[in-house]
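Welcome! Please take a look at the sequence and the 3D structure shown here, and then read on for a short tour.

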8 protein chains.
Amino acid sequence: MLEDILKQVQNGTLNITAAKEQLATFENLGFAKVDHHRKKRQGFAEVVYGEGKTAEQIISIIQALRARNDEVLVTRVAKEKAELIQKELPELIYNEIARILYWKDETNTDRTSEGYIAVVAAGTSDLRVAEEAAITAEVLGSEVRRFYDVGVAGIHRLLFHAEEIQNATVSVVVAGMEGALPSVVGGLVAHPVIAVPTSVGYGASFNGLSALLTMLNSCASGISVVNIDNGFGGGYNAVLIHQLAQKG
Amino acid sequence: MLEDILKQVQNGTLNITAAKEQLATFENLGFAKVDHHRKKRQGFAEVVYGEGKTAEQIISIIQALRARNDEVLVTRVAKEKAELIQKELPELIYNEIARILYWKDETNTDRTSEGYIAVVAAGTSDLRVAEEAAITAEVLGSEVRRFYDVGVAGIHRLLFHAEEIQNATVSVVVAGMEGALPSVVGGLVAHPVIAVPTSVGYGASFNGLSALLTMLNSCASGISVVNIDNGFGGGYNAVLIHQLAQKG
Amino acid sequence: MLEDILKQVQNGTLNITAAKEQLATFENLGFAKVDHHRKKRQGFAEVVYGEGKTAEQIISIIQALRARNDEVLVTRVAKEKAELIQKELPELIYNEIARILYWKDETNTDRTSEGYIAVVAAGTSDLRVAEEAAITAEVLGSEVRRFYDVGVAGIHRLLFHAEEIQNATVSVVVAGMEGALPSVVGGLVAHPVIAVPTSVGYGASFNGLSALLTMLNSCASGISVVNIDNGFGGGYNAVLIHQLAQKG
Amino acid sequence: MLEDILKQVQNGTLNITAAKEQLATFENLGFAKVDHHRKKRQGFAEVVYGEGKTAEQIISIIQALRARNDEVLVTRVAKEKAELIQKELPELIYNEIARILYWKDETNTDRTSEGYIAVVAAGTSDLRVAEEAAITAEVLGSEVRRFYDVGVAGIHRLLFHAEEIQNATVSVVVAGMEGALPSVVGGLVAHPVIAVPTSVGYGASFNGLSALLTMLNSCASGISVVNIDNGFGGGYNAVLIHQLAQKG
Amino acid sequence: MLEDILKQVQNGTLNITAAKEQLATFENLGFAKVDHHRKKRQGFAEVVYGEGKTAEQIISIIQALRARNDEVLVTRVAKEKAELIQKELPELIYNEIARILYWKDETNTDRTSEGYIAVVAAGTSDLRVAEEAAITAEVLGSEVRRFYDVGVAGIHRLLFHAEEIQNATVSVVVAGMEGALPSVVGGLVAHPVIAVPTSVGYGASFNGLSALLTMLNSCASGISVVNIDNGFGGGYNAVLIHQLAQKG
Amino acid sequence: MLEDILKQVQNGTLNITAAKEQLATFENLGFAKVDHHRKKRQGFAEVVYGEGKTAEQIISIIQALRARNDEVLVTRVAKEKAELIQKELPELIYNEIARILYWKDETNTDRTSEGYIAVVAAGTSDLRVAEEAAITAEVLGSEVRRFYDVGVAGIHRLLFHAEEIQNATVSVVVAGMEGALPSVVGGLVAHPVIAVPTSVGYGASFNGLSALLTMLNSCASGISVVNIDNGFGGGYNAVLIHQLAQKG
Amino acid sequence: MLEDILKQVQNGTLNITAAKEQLATFENLGFAKVDHHRKKRQGFAEVVYGEGKTAEQIISIIQALRARNDEVLVTRVAKEKAELIQKELPELIYNEIARILYWKDETNTDRTSEGYIAVVAAGTSDLRVAEEAAITAEVLGSEVRRFYDVGVAGIHRLLFHAEEIQNATVSVVVAGMEGALPSVVGGLVAHPVIAVPTSVGYGASFNGLSALLTMLNSCASGISVVNIDNGFGGGYNAVLIHQLAQKG
Amino acid sequence: MLEDILKQVQNGTLNITAAKEQLATFENLGFAKVDHHRKKRQGFAEVVYGEGKTAEQIISIIQALRARNDEVLVTRVAKEKAELIQKELPELIYNEIARILYWKDETNTDRTSEGYIAVVAAGTSDLRVAEEAAITAEVLGSEVRRFYDVGVAGIHRLLFHAEEIQNATVSVVVAGMEGALPSVVGGLVAHPVIAVPTSVGYGASFNGLSALLTMLNSCASGISVVNIDNGFGGGYNAVLIHQLAQKG
């Protein structure tokens with residue numbers, strides 16, 4: 001692209017002021033490519049973090065997104081706020097457990113996904129974070145299979161699903177309290193595991209610190225970790241990996 | 001015992017100075033009973049923490065113990081120090097991995113133990129602490145079975161031994177890094193589990209803090225925790241529980 | 001693969017020993033036994049952690065439990081929630097201080113307990129956690145004796161009860177602030193002590209961290225620790241130990 | 001119990017479907033598959049963590065591995081220890097910066113890798129960890145491109161390589177001190193980023209805690225984190241992802 | 001000044017009691033000079049920290065300030081409190097985002113500022129703190145240019161403004177979450193950077209600790225740091241530096 | 001004193017330059033009084049913290065002290081360093097356990113002390129810190145009684161000395177590990193208790209943090225705390241209090 | 001007293017059952033002396049910590065105290081709770097800033113105090129804690145002088161009062177934020193300083209941790225520290241010391 | 001500069017390949033300006049952090065610097081390493097206390113500095129860090145005045161120098177232990193204060209954390225903070241500010 005601009009300058013079809021303007025858009029450094037790549041690969045341009053934004057702010061961001069492209073993903077939206085937004089933008093869908101507000105073009109069928117992402121969660125209290133991961137992945141176009149309430153204290157429940165988890169492309173493993181589940185899953189599978197600690201627990205869980213440290217210190221290989229309660233991050237990372245597996 | 005002293009004072013067989021002396025021993029408050037109970041039940045009077053004591057200090061403590069009773073257990077003794085002590089007291093046995101120096105009356109056969117204590121360890125690096133627990137328990141008269149290198153990242157190795165661990169009276173479960181093993185064992189067994197975090201690990205293990213928090217937050221019931229690297233504490237607690245199971 | 005093995009056994013191309021070897025299996029490792037053992041030994045199948053569950057969720061769990069067995073123990077239930085549940089399930093009993101909701105078959109008399117569990121608490125503010133331990137132990141079928149308001153700053157109050165505490169099978173010692181009580185009790189008794197730190201305190205108590213560290217570092221032997229405010233864990237561990245003492 | 005079932009199958013009193021139901025087993029849940037999968041996909045069975053193991057222990061582990069398969073990867077091996085091992089096993093190669101000891105079958109050419117892994121490092125002091133990641137990935141069969149000394153305080157050095165980093169399949173980004181590099185890289189690329197905090201720094205870096213927290217809190221999407229100084233983990237995760245991209 | 005007093009005592013124009021009183025004002029030690037200097041250079045005497053003070057207390061402090069000098073700056077004033085104060089003192093201006101209440105003599109034109117302070121902020125959530133810095137600097141008489149929403153995850157947005165930021169006298173850089181922005185800005189500019197961490201974030205941001213550590217460990221030179229959310233401190237330091245640049 | 005100077009200026013017996021010089025010594029603000037008071041009350045001018053100072057530096061400081069007054073107290077002096085200093089200054093006495101180097105005028109008999117300071121220590125490992133407190137107090141002229149090895153895990157050993165401790169003017173209570181001793185002593189006595197946490201312990205003692213938090217959270221009244229291992233601080237505070245009790 | 005009991009047993013004026021009862025009261029170990037000493041010396045028996053107690057509980061405790069002795073001191077009582085208690089017990093006085101509820105016998109004039117306690121506070125926000133200290137000391141019978149708003153950032157305000165603070169028997173120094181005031185006061189005075197950190201501050205003050213650490217690390221001698229916000233502890237310690245100074 | 005390149009392309013004096021190469025140097029984005037600005041204003045291009053680099057690495061970096069410009073500043077160089085480097089590059093000067101190795105063109109006299117930087121240090125143990133700041137500032141061309149051993153526990157020593165410190169352009173204030181000095185200096189001066197916490201201290205100083213927190217929480221305005229022991233950062237920031245004051 002840089003070469004194109006220079007050639008036009010050379011042959012006089014582009015004046016210097018216009019050339020400077022175009023170069024100033026950083027096209028020549030490849031920044032803008034990022035967004036093009038994202039959109040092209042994921043059918044998705046931008047994710048909105050809803051926490052701390054008013055309904056009005058979110059509405060105006062969504063309207064800008066809708067003007068440019070088809071799809072919308074807003075995380076951390078409380079129910080009341082979602083309802084205010086939906087009044088204005090009734091085509092949006094709200095998932096209350098995941099606290100996600102989204103719109104996707106269901107008629108878009110060229111994103112046929114091979115394989116699936118496993119979202120594995122330790123306890124029922126971790127559901128909220130697990131669903132944030134799962135819905136994120138689904139809205140971004142991946143198939144998801146859920147394996148909930150399979151905490152390590154009842155290891156047979158997890159083992160019952162071992163084969164189906166092993167056959168996934170990538171796993172998102174969500175756990176609070178002692179956060180041991182990713183280690184066990186990591187030992188069972190041969191694919192990447194994204195570990196998501198949650199703030200579920202009390203006392204010496206220190207709001208998720210215990211689960212976070214557990215996951216960072218996992219003796220199983222192939223595990224990487226995102227922030228406490230960051231279900232979105234878990235889902236997003238899994239989608240990036242899952243899409244790589246589609247490409248080949 | 002208080003009553004005995006008072007009766008002797010009453011009937012004049014004990015003068016007041018002698019009575020005061022005896023009462024000052026706190027027999028009347030039951031303190032001394034503790035030591036009698038301990039010795040009687042455990043065949044053991046006192047455990048010596050060797051760290052920070054010189055060979056000379058340990059020798060003189062052992063000589064005092066030997067004068068009063070039969071058995072000796074000194075923990076955290078480095079090899080060089082142990083050799084110095086053994087020169088003076090050649091009947092002592094030294095276990096290098098557990099760093100324990102001890103003497104027990106092997107001819108004493110009235111401590112026939114029913115059942116056994118399971119000492120379970122995650123990785124080979126945790127061996128030192130696991131052996132401190134195991135040797136402690138054995139010196140204090142309990143039978144021990146060892147289950148080593150059964151960390152959660154290879155859960156099948158643990159499950160292979162599940163039944164034998166289930167049949168123990170009590171388990172001591174030793175793990176560093178993420179420290180997840182006690183949660184899994186706790187979910188498999190119906191007996192008390194003593195969890196021992198170790199300082200094995202690096203980075204965000206923070207010298208055992210990670211494993212400690214994991215164990216305190218275990219979602220499995222029936223788990224209690226001792227200090228980081230406190231193999232002795234794990235073994236000692238297990239012995240107390242194991243002996244209760246003998247008594248009935 | 002399982003089917004292959006079985007077919008070969010069926011058609012005689014594989015003998016039983018070889019088949020067994022291949023099937024290093026699940027069933028023979030005894031997962032399901034766990035629950036049977038639990039129920040059989042403790043007269044109790046499952047404990048429900050009420051925090052973060054709605055009244056509706058708790059009701060449906062209880063109904064499932066009642067369909068399968070006789071008894072129910074739900075911890076961390078706020079008063080309002082308990083009342084909603086009791087409307088639906090009026091046979092349940094609610095203990096407001098312990099915040100426990102339970103039902104037990106009082107006509108079941110074959111759980112005659114020898115000895116008792118001592119529940120010892122430092123201050124009146126620790127009562128809530130101490131009662132969670134005590135009620136848990138009682139609902140699970142053990143006899144409990146309570147020793148409250150015996151903090152270390154008035155050591156004579158504790159010593160007054162020393163003998164009765166010494167005669168227990170196991171002690172649960174509950175303390176907040178500096179959390180020193182388990183060390184003192186541990187020095188007085190010859191049985192296992194389960195230490196329960198509480199979040200009672202302010203400033204540098206850091207919500208129970210101070211008491212937790214104190215207990216983990218106890219210089220008395222025979223002490224193990226559960227999570228901050230985990231009265232249930234203290235009571236449950238004590239019951240496991242107390243039942244071992246019955247078995248002999 | 002297993003024997004009973006097999007006998008009944010053998011003598012025809014139990015059909016295969018019923019037998020399978022009874023044997024809700026181990027084998028069919030695929031534990032052993034894990035290792036087969038690993039070997040098959042990665043051409044690699046097991047990685048040895050060298051820290052805390054003696055030269056003798058490592059030699060015997062390697063000999064066992066060599067007996068079973070072709071390749072060896074031992075991390076965290078100090079130079080002196082490596083030399084001792086190489087005396088015994090001269091075919092092993094030692095990389096001093098990465099502190100990795102390995103052997104791979106260079107004649108094995110069926111692992112033709114499309115694309116490459118970008119290993120990006122902030123400062124020269126982070127080299128040791130970055131090389132642990134890079135060598136790990138190379139020994140495990142991936143192509144690696146290195147982008148070193150491109151810390152955020154001189155952002156133009158990073159941008160100079162932006163396009164080449166963008167074209168990688170996955171990036172491993174290594175940084176100590178403030179650990180900001182993964183956020184910037186994460187904003188430039190559309191592929192997964194594995195962030196590796198290092199303990200490089202002093203004072204308030206708290207041995208890598210600062211960099212770790214920075215990475216966990218990254219406002220860029222698509223970043224997941226491994227333990228402090230865990231170059232191996234970064235490389236290993238990248239290989240898992242890179243191999244998925246080959247498969248399609 | 002000390003010399004003046006002593007001379008007056010010497011020549012009898014000042015009696016000893018009056019001399020002692022004057023000396024007691026510490027004029028001779030230069031304390032009072034501080035306030036004179038401040039007022040003279042900054043046109044400003046004192047800043048009021050509004051948090052934890054009642055509207056009544058703030059009103060009476062402002063009235064005292066107004067009696068002595070022209071200008072007022074009260075930080076951390078909630079909207080409701082500000083309205084109560086404005087009822088009594090309607091000439092005060094309230095900036096809701098910055099939560100600052102102030103009055104300045106707009107007719108005072110002798111504070112012509114050369115150059116400007118750059119206030120740079122990572123995300124929209126950091127706006128509140130950035131505005132506290134910006135408004136503080138403006139009320140204290142400096143020109144401010146704002147560069148918002150230029151976080152490191154979209155580095156091109158920052159680079160678009162690079163030259164204008166480079167031309168500032170001093171930068172105040174505000175960021176939460178991973179707090180990496182000051183490092184990148186510090187690498188782009190040759191002037192002092194005041195870094196202000198914010199408590200924006202969740203989980204392992206630990207209320208701003210993550211951003212604080214990042215900034216303290218910055219590998220860029222020329223960065224110093226103020227307390228978490230201390231927008232005022234950032235602005236105030238920048239003004240001190242900016243005024244030095246005016247003086248020459 | 002200020003008045004004196006001014007009068008001399010007034011009546012011409014002091015010129016202005018000399019007056020300024022004297023005033024500059026801050027006599028008029030009372031600073032210098034501090035040192036006079038200290039010396040007069042304690043027979044002691046300054047304490048030297050020996051850690052991080054070379055033998056040469058300490059020697060020159062002592063020589064300066066000896067030129068001005070009679071007594072010397074240097075803390076934290078390693079044995080080798082002390083020997084180097086003693087070669088130069090052979091009249092100094094070195095206490096190896098307390099690591100204190102001192103000289104006091106034994107012929108000075110007008111410091112007859114009523115009562116005594118109790119120095120109470122939990123374990124033999126705390127001896128070093130306890131002796132730093134005791135020797136400090138003795139060198140500064142107070143009588144000290146030592147009560148060692150009276151940790152809370154064997155409460156009867158402490159109670160044996162209860163009356164003698166109660167009769168002290170003030171107690172210095174030294175403890176590591178769980179640090180519970182000051183709470184128990186605080187409950188037994190009616191005088192001030194200075195608590196000194198030590199770094200004795202391992203694992204979750206976190207180098208004395210555990211003992212420090214325990215002491216700060218003590219439920220006993222009348223306890224205040226100094227820094228970890230600060231035996232000198234404990235002894236010094238006790239001396240200040242003990243001297244107040246002499247004054248009446 | 002033990003001797004008395006034994007003599008009565010010996011001469012038959014006391015039977016064994018009655019003797020055992022009396023001995024069980026621990027008179028012979030001196031416990032009860034504590035309370036007698038306290039009451040006698042301080043005119044005060046017990047202090048009630050009001051936090052977490054209901055108005056009803058506090059009323060019944062006060063009634064018990066009033067039945068036994070004359071005076072009452074309840075700390076940490078919110079205004080609403082105090083009003084409920086005062087309805088029942090109208091003779092009690094409530095200090096709203098200190099949140100203390102008390103009653104003292106003003107006719108009791110034999111506690112004539114020589115000297116005074118200095119209560120020194122850094123900022124107006126620390127007033128609440130400073131008043132808890134001051135009112136505690138006054139109710140317990142000591143004279144108090146207050147020195148407020150003398151923080152280190154305006155050192156001349158503190159120095160203005162230097163002499164009056166120096167003349168106190170003991171100082172209680174209260175400070176939040178950076179907590180530097182006790183160090184400066186400690187350098188000015190020759191008497192004991194009780195330092196009280198407060199939770200005043202934000203961001204990196206971590207609820208008083210910053211001030212607490214500052215005070216523990218003070219380079220001034222003669223400073224000891226109580227828990228964060230523990231104004232009562234500061235006042236109580238000061239009273240103990242002040243009373244010692246009366247005794248002589 | 002961008003315009004120049006484009007014009008040359010337009011008029012054919014530059015071919016497209018050469019143009020691309022030049023544009024790739026980022027001149028058009030202003031990055032390189034940074035280094036030009038730095039060099040021009042400070043007479044200095046780059047500072048080398050010597051820690052963790054070998055003598056050989058440092059020598060080759062210096063040789064590269066000397067080839068490009070006149071001056072050299074290497075921090076954190078141990079004495080032995082410095083001597084090795086000086087053998088090769090004998091014109092370099094080494095300051096052992098500051099551990100800085102440097103070369104500056106003393107004949108360069110056009111950097112006439114108005115005013116001076118005050119480097120203020122609390123204790124003699126902080127000297128090393130203070131000198132790192134002072135030497136850094138001097139090598140970078142600023143005049144420095146040193147005020148050492150003026151800790152807050154002897155406030156009169158600081159006040160003695162108050163006026164001279166007030167007259168500086170900017171202060172660098174270095175302190176360990178409680179780190180209170182910057183607050184006091186900040187209250188005395190009207191110029192910016194750069195606070196440098198040091199790791200001097202023990203116990204609860206937690207290697208400088210205490211001093212760091214103190215400084216971040218300072219109640220004095222105009223203070224900003226650098227990393228623990230970062231004397232270089234303190235000096236460098238001061239130079240940036242000091243140079244701004246020269247410019248006007």
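Does Ala162(D) count as buried or exposed, and why? Ala162(D) counts as buried because its relative accessibility is 2%; buried means under 20% relative accessible area, exposed over 50%, and partly exposed in between, with a 1.4 Å probe and protein chains only. Before going further, please note that this is a predicted model, in which local features need pLDDT of at least 70 and side-chain atom pairs count only at pLDDT 80 or more, while totals for chains, interfaces and linings use all residues. Residues are numbered from 1 along each chain as its sequence is written, chains are lettered from A and ligands numbered from 1 in the order in which they are written, and side-chain values use heavy atoms, with hydrogens and water left out.

Ala162(D) belongs to helix α8 (residues 162-166) of chain D. Helices here are DSSP runs of H or I with at least four residues, strands are runs of E with at least two, and both are numbered from the N terminus. Between Ala162(D) and Val185(D) there are 8.4 Å in space, C-alpha to C-alpha, and the two are 23 residues apart in sequence.

Helix α10 (residues 209-216) of chain C packs against helix α10 (residues 209-216) of chain F at an angle of about 125 degrees, and their axes are 9 Å apart. Axes are lines fitted to C-alpha atoms, for helices over the stretch in contact, and angles run from 0 to 180 degrees between N-to-C directions. α10(C) and α10(F) are therefore oblique to each other (under 35 degrees counts as roughly parallel, over 145 as roughly antiparallel, 65 to 115 as roughly perpendicular and the rest as oblique). The contact, meaning heavy atoms within 4.5 Å, is made by Ser210(C), Leu213(C) and Thr214(C) of α10(C) and Ser210(F), Leu213(F) and Thr214(F) of α10(F).

For α10 (residues 209-216) of chain G and α10 (residues 209-216) of chain H, the packing angle is about 125 degrees and the axes are 9 Å apart. α10(G) and α10(H) are therefore oblique to each other. Here Ser210(G), Leu213(G) and Thr214(G) meet Ser210(H), Leu213(H) and Thr214(H).

What about the cysteines? A disulfide is a covalent bond between the sulfur atoms of two cysteines. With a disulfide taken as a pair of cysteine sulfur atoms within 2.5 Å, the count comes to 0 disulfides over all chains.

Finally, Asn207(D) has a positive phi of about 55 degrees although it is not a glycine. Asn207(D) sits in the loop between β8 (193-197) and α10 (209-216) of chain D, and it counts as exposed at 60% relative accessibility. Asn207(F), not a glycine, has a positive phi of about 55 degrees, and its relative accessible area of 60% makes it exposed.
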